[in-house]
Amino acid sequence: MAGLCEMMGVYMISKYNNEKNKKNLGLLIFAFTLSFAGLAYAMETLPMGTAYAIWTGIGAAGGALLGMFFFNESKDWRRVVCIMLVLGAAVMLKILS
């Protein structure tokens, strides 16, 4: 959930850059607050390095996917492979911990 909130925060950064208003700023702050709270909660049961790597991986891969689907960024197959590698590494870190 923390990773999904991170994705929402990244999306809201882009929205706020396009349309600076209080609503977008509020949603941006709300999403990142939930994201950090979720990361802190995950670190109660997962080692810090694992929790942070998974959180970062979901945020990075999710941000790239959001860019592809909502902001007309390249959908080149090599980018998709790289996203799959990031997500696969995050899953393996969770499995190994």
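Modeller: We shall begin with the overall fold and then turn to particular residues. Please bear in mind that this is a predicted model.

Colleague: How many helices and strands does the protein have?

Modeller: The protein has four helices and zero strands, and from the N terminus on its elements run α-α-α-α. Its C-alpha atoms fill a box of roughly 40 × 35 × 15 Å along the principal axes.

Colleague: What share of the residues counts as buried?

Modeller: A residue is called buried when its relative accessible area is under 20%. Of the 97 residues here, 30% count as buried. The protein exposes about 6,500 Å², and carbon and sulfur atoms supply 71% of that area. As for contacts between residues at least 6 apart in sequence, 53% join residues at least 24 apart.

Colleague: Which residues of α1 are buried, and against which helices do they pack?

Modeller: The buried residues are A2, G3, C5, E6, M7, G9 and M12. They pack against α2 (22–42) and α3 (48–70).

Colleague: Could you show me one residue on the other side of that packing? Is S35 buried or exposed?

Modeller: S35 lies in helix α2, and it counts as buried because its relative accessibility is 0%. Leaving aside neighbours within four places in sequence, S35 is in contact with A2, C5, E6 and W55. A polar atom of the S35 side chain also lies 3.2 Å from the backbone oxygen of A2.

Colleague: How many salt bridges does a search of the whole structure find?

Modeller: The search finds two. In one, E73 pairs with R79, the closest N and O atoms being 3.5 Å apart. In the other, the side chains of D76 and R78 meet at 2.8 Å, N to O.

Colleague: Where do these residues stand between buried and exposed?

Modeller: E73 is partly exposed, with a relative accessible area of 35%, and R79 is partly exposed at 28%. D76 is partly exposed as well, at 24%.

Colleague: Which residues form a nonpolar patch on the surface?

Modeller: V91, M92, I95 and L96 form such a patch, with about 430 Å² of accessible area together. V91 is placed in helix α4, residues 77–96, and counts as partly exposed at 47% relative accessibility.

Colleague: Is L85 buried or exposed?

Modeller: L85, which also lies in helix α4, counts as exposed because its relative accessibility is 60%, and the cut-off for that class is over 50%. The C-alpha atoms of L85 and S74 are separated by 17 Å, the two residues being eleven apart along the chain.

Methods
Residues are numbered from 1 along each chain as its sequence is written. This is a predicted model: local features need pLDDT of at least 70, side-chain atom pairs count only at pLDDT 80 or more; totals for chains, interfaces and linings use all residues. Side-chain values use heavy atoms; hydrogens and water are left out. Buried means under 20% relative accessible area, exposed over 50%, partly exposed in between (1.4 Å probe, protein chains only). Helices (H or I, at least four residues) and strands (E, at least two) are DSSP runs, numbered from the N terminus. Contact means heavy atoms within 4.5 Å. A salt bridge is a side-chain nitrogen of Lys or Arg within 4 Å of a carboxyl oxygen of Asp or Glu. Patches are made of residues with over 30% relative accessible area and no salt bridge: like charges are joined within 9 Å, nonpolar side chains (Val, Leu, Ile, Met, Phe, Trp, Tyr) within 5 Å. Accessible areas come from the Shrake-Rupley method with a 1.4 Å probe; for residues, only the protein chains shown count as cover. A polar contact is a pair of N or O atoms within 3.5 Å; within protein, one must be able to donate a hydrogen and the other to accept it, and residues adjacent in sequence count only if both atoms are side-chain atoms.
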